[in-house]
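This report goes through the parts of one structure and the contacts between them. Please look over the sequence and the model before reading on.

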Amino acid sequence: MSALLDLACPECGATFDADRIQKVCQACDSPLLARYDLSRLASELDRDELASRPRGLWRWQEILPVQQEAFRLGLGEGDTPLLALPRLGQDLGLRALYVKDESANPTGTFKARGMAVAVARAVELGARAFVVPTAGNAGGALAAYAARHGVEAHIFMPADAPHVNRQEVQAAGADLRLVEGLIDEAGRQAAAGARQHGWFDVSTFKEPYRVEGKKTMGLELAQDLGWDLPEVVLYPTGGGTGLVGMWKAFQELEALGWLDGRRPRMVVVQAEGCAPVVRAVEQGAARAEPWEGAHTTAAGLRVPKVYADRLILRAVRESGGTAVAVSEEAIASAMQELARREGILACPEGAATLAGLRRLVEQGWVGPEERVVLFNTGSGLKYLS
Ligand SMILES: *Cc1c(COP(=O)(O)O)cnc(C)c1O
Ligand SMILES: [Zn+2]
């Protein structure tokens, strides 16, 4: 059983009925976040019992929103490996360097986690047609989970998105619309489609449950490391779902009394060609201004206007974290290093975290004794041409 209580706006505190389809807090133009009855779970649930359940993301069903077993469909998402990187760690002078390798997820990226949960919950609440704007990977994931649930998907993607992303969407039988422009233009057209046809819009943070799916990365990380989280987590940040989700996961685990140590410092990694969050962190701003002329080969990081900027910036600050922008050359050589030194064919977004780490080690921001976890958010196979 899910212990879902309600949804709350993190800005004004207003609460919303979680048993109905909800989108955002319109008064604050803010995402909504799910709340669970954690004090009850703290006395009922045993972390080691959870660890022994069948593998996969639904293992965490009490702190996920889906109520009925029949809707907990999946494709084998979650429980990705946490791999030690001994050679790269030695190169960088670090004692304990790991990568959480999300490439093993269905559709080849961690977008599967978010869509698995968001689609399941929305179908449970009655949605039958979905729409999403995407740089590529979210579209592939929505198409797959819509097919899994037997519902309709409409995908708005920039015309210059990688060929593989278009093909996977069409292979799953979804309706693909190519858009001249970037993800923000795709977002405008998707929103118009939602208004016109009543499609449910699962844009990043425009509904409350993709972030719940992505938070399972943080839950797994805690379990993988024996409930003692690493000192530093580096995350390739586009819309920030994974970063906000993990930070939420760590807070929930703390409320459950399951964490043995402290929470990590969260590091936002972006590309120099599109770094709105890095700029906001450097300026000490509470909001991230839209980035003009966004460009990077790391398509998942090409998000010029960040809807959940307040939540991302709060997580970085509360955690004592930081933000770093890396060049295209640094991303390319980090991809090579991961593949040649450790055998990991990372996506450019994931490789960006290694490039960011190098900078932070050089600056002395990360110490040699600290345990560091990189997130490789997808498979490099999706980026080969
Ligand atoms: C979407 C995406 C990202 C960015 O994810 P957010 O959690 O929304 O910041 C990073 N890497 C890849 C491969 C992606 O597809
Ligand atoms: Zn509000």
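A salt bridge is a side-chain nitrogen of Lys or Arg within 4 Å of a carboxyl oxygen of Asp or Glu. The model discussed here is predicted.

## Domains

The domain assignment divides the chain into domain 1 (4-71), domain 2 (82-109 + 210-383) and domain 3 (111-201). Taken over C-alpha atoms, the centres of domain 2 and domain 3 are 25 Å apart. To their contact, domain 2 gives 20 residues and domain 3 gives 23 residues.

## Area between domain 2 and domain 3

The size of an interface is often given as the accessible area lost when the parts come together. For domain 2 and domain 3 the buried area is about 1800 Å², and 57% of it lies on carbon and sulfur atoms.

## Charged and polar pairs

Between domain 2 and domain 3 there are 4 salt bridges. In the salt bridge formed by the side chains of Arg 113 and Glu 220, the N to O distance is 2.8 Å. This is within the 4 Å limit of the definition.

Residue pairs in polar contact between domain 2 and domain 3 number 9, with both residues at pLDDT 80 or more. On the side of domain 2 that touches domain 3, helix H8 (residues 210-224) gives the largest share, 7 residues. That side of domain 2 is made up of 7 nonpolar, 5 polar and 8 charged residues.

## Surroundings of ligand 1

How many residues surround ligand 1? There are 17, and the closest are Lys 111, Tyr 235, Gly 238, Gly 240 and Thr 377.

A polar side-chain atom of Thr 377 is 2.7 Å from a nitrogen atom of ligand 1. Backbone atoms take part as well: a backbone N or O atom of Gly 242 is 2.9 Å from an oxygen atom of the ligand, and a backbone N or O atom of Gly 239 is 3.2 Å from an oxygen atom of the ligand.

## Arg 128

Arg 128 sits in the loop between helix H4 (111-124) and strand S8 (129-133). Leaving out residues up to four places away in sequence, Arg 128 touches Val 123, Val 151 and Glu 152. With Val 123, the side chain of Arg 128 reaches the backbone oxygen at 3.2 Å.

Leu 32 is 96 residues from Arg 128 along the chain, and the C-alpha atoms of the two are separated by 22 Å.

Technical notes:
Residues numbered from 1 in each chain as written. Chains lettered and ligands numbered in written order. Predicted model: local features only at pLDDT ≥ 70, side-chain atom pairs only at ≥ 80, totals over all residues. Heavy atoms only, no water. Domains from an automatic or database assignment. Contact = heavy atoms within 4.5 Å. Buried area = accessible area lost by both parts, 1.4 Å probe. Polar contact = N/O pair within 3.5 Å; in protein donor to acceptor, adjacent residues only side chain to side chain. Helix = DSSP H or I, 4+ residues; strand = E, 2+ residues; numbered from the N terminus. Nonpolar A, V, L, I, M, F, W, Y, C, P; charged D, E, K, R; others polar. Near = heavy atom within 4 Å.
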